[in-house]
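Let's take a walk through this structure together. Keep the sequence and the picture side by side as you read.

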Amino acid sequence: MMAVLELHDVKKSYGSDHKKVDALKETNFLADRGELIAIIGPSGSGKSTFLTIVGGLLTPSSGDVIINGQNLTTLSEKQRSQIRLKEIGFVLQSSNLVPFLSVANQMKLLDKVKKGNMSKKDCEKLYEELDIADLLTKYPSDLSGGQRQRVAIAKALYSNPSIILADEPTASLDSDRAYEVMELLKKITKQKKTTTIVVTHDIRLVDYCDKVYRMTDGVLAEEEKHEQSPQLAGAHH
Amino acid sequence: MFLAWQEIKKNKLRFTLITGILFLVSYLVFFLSGLASGLASLNREAVDKWEASAIILTDESDKSLSQSFMSIDQLEDVNAEKTAVLGQLNAIASNGDSKQNIALFGINEDEFIMPKVTEGSAFKEANEVIASDALKEDGFDIGDTLSLSSSDVELTIVGFTDDARFNAAPVLYADLPTFQEVKFGEAAEQNEDQINGIVVQDKSVSNLTQNEDLEAIEIQTFIENLPGYTAQKLTLNFMIYFLFAISSIIVAIFLYVLTVQKISMFGVMKAQGISSSYLSWSVVAQTFILSIVGTALGFALTLLSGTFLPAAVPVSFDLLVMVIYGVILMLVATAGAVFSVLTIVRIDPLKAIGG
């Protein structure tokens, strides 16, 4: 079966000659449907470079990024934008909700730009699944951090994307809310068979993931997954 | 439009402020346009009433009616469909109680510049005049005997006509002999053929006269050469055009600040695949909504103010001009969104998600 996401010999460098910096060294990566993958590593290690290349926001210096058989590196910016709209859902730290739109209107906006990807019934089901049905009339400023991220996940799932890219989705949350969000990401990854990639520096969250990759100085390497970490065991109910 | 309207609904105070500024600017533009039109009317309404195509003056008068002196015999040198002789002088008229600057026109009753009498009757006898009804507001009435500065002749108002002001002075229409008596006094008989100009109606304004001492002047050119007319018009128009620029600049600054505050939000939306064109269109639509509301409020308040203004204020609202200025105002205000659109187009979604 074809992988949802494939990276072949992808490199990203900045500058030239002796000032050249390799933000991402030769990387090969495969992700299948229904996989929740964590990319961990310290700040500046290249995690965000990886995420933005996968998300079609950054063009690699060399190599191929293939999403559902379409090579992003051969597409125009407009075509990549269309891929992002249809195939990729983003969950960011805290700022991906439009402050002046109610929760219901956040979804309505997506419906306008994505032209009716979800029926009303599907939307209601999604709201129930993410436990945001009671929040529809509220604005982002009225929501707690955890509620905001649940709405952000609902937005990311709106067009039934095949890939969800989450950049530090728990960074602004306390531990309980962070675990709640990871539980939710795991649940939807399995239920909706999406490929979910979570970039985080919070090692406590890796136990929710099927695969863990560590990024160190631009080199991506898969780590053997350990059992629940001691911190997580202590904090997780 | 959805995004634009939702933001306006949520941030009412912010957008009320921008709309308020547009409203005040548009109110000022409409009011100035009314003032420009009113002041222009003060100068030209008597001339407009002639519905003439041109006026013949002496070449040496430099397009000034009061400085043009010619003989009535020079009518023979004028080749036009219709002609009307005209004598003109300025004076102060007094009825004993009130004094007013007036322009006295000497005309022939059977020629096309004879005004339509709206009250009273036309002049029939010597020393009778039809007066501009603007004089009524200054206390003049039918039957009043008028004494004029620099003349011993007394005139009697026998009727009124509307829209009869020339160079801001109300006009008194008299027959040619009465005019000559006022102007030349005892020498009137010797000067009975003296007039200031010949007003003509003709399809063409070229070849109206072959006499090198005479000049055929298009009516619009004649009006533009009335003392102070062009300077006044240019000043007010300059103010209006400057207000257009100001409204565009104000909107541009406001929207730019708002857009800069939303850069990270727009960046995230672009990262999510929402196109720059959708976001740009939203800002343009928002500006258009604000400019429509601001301009409409300015328009309404201008008309409302007009009903309360005393007659002494020379405003005259030309609805067509107001609509044209309103449309220009909306367009230039909307053009103020250009900087915001450029900012949106340049936003790198990569930065929004920390790449």
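Helices (H or I, at least four residues) and strands (E, at least two) are DSSP runs, numbered from the N terminus. This is a predicted model, in which local features need pLDDT of at least 70 and side-chain atom pairs count only at pLDDT 80 or more, while totals for chains, interfaces and linings use all residues. Residues are numbered from 1 along each chain as its sequence is written, chains are lettered from A and ligands numbered from 1 in the order in which they are written, and side-chain values use heavy atoms, with hydrogens and water left out.

Start in chain B, where helix α3 (residues 176-184) holds B:Thr178. B:Thr178 counts as buried because its relative accessibility is 2%, and buried means under 20% relative accessible area (1.4 Å probe, protein chains only). Beyond its neighbours within four places in sequence, B:Thr178 is in contact (heavy atoms within 4.5 Å) with B:Ala126, B:Asn127 and B:Leu155.

Now turn to where the chains meet. Chain A brings 23 residues to the contact and chain B brings 21 residues. About 2,100 Å² is buried between chain A and chain B, with 72% coming from carbon and sulfur atoms; this buried area is the accessible area (1.4 Å probe) that two parts lose on being put together, summed over both. On the side of chain A, A:Leu57, A:Phe100 and A:Leu109 lose the most area to chain B, together 28% of what that side buries.

Which helices of chain A each supply at least two residues to the side that touches chain B? They are α1 (47-54), α2 (77-87) and α3 (103-114). Of the elements in chain A, α3(A) gives the most to that side, with five residues.

Technical notes: Buried means under 20% relative accessible area, exposed over 50%, partly exposed in between (1.4 Å probe, protein chains only).
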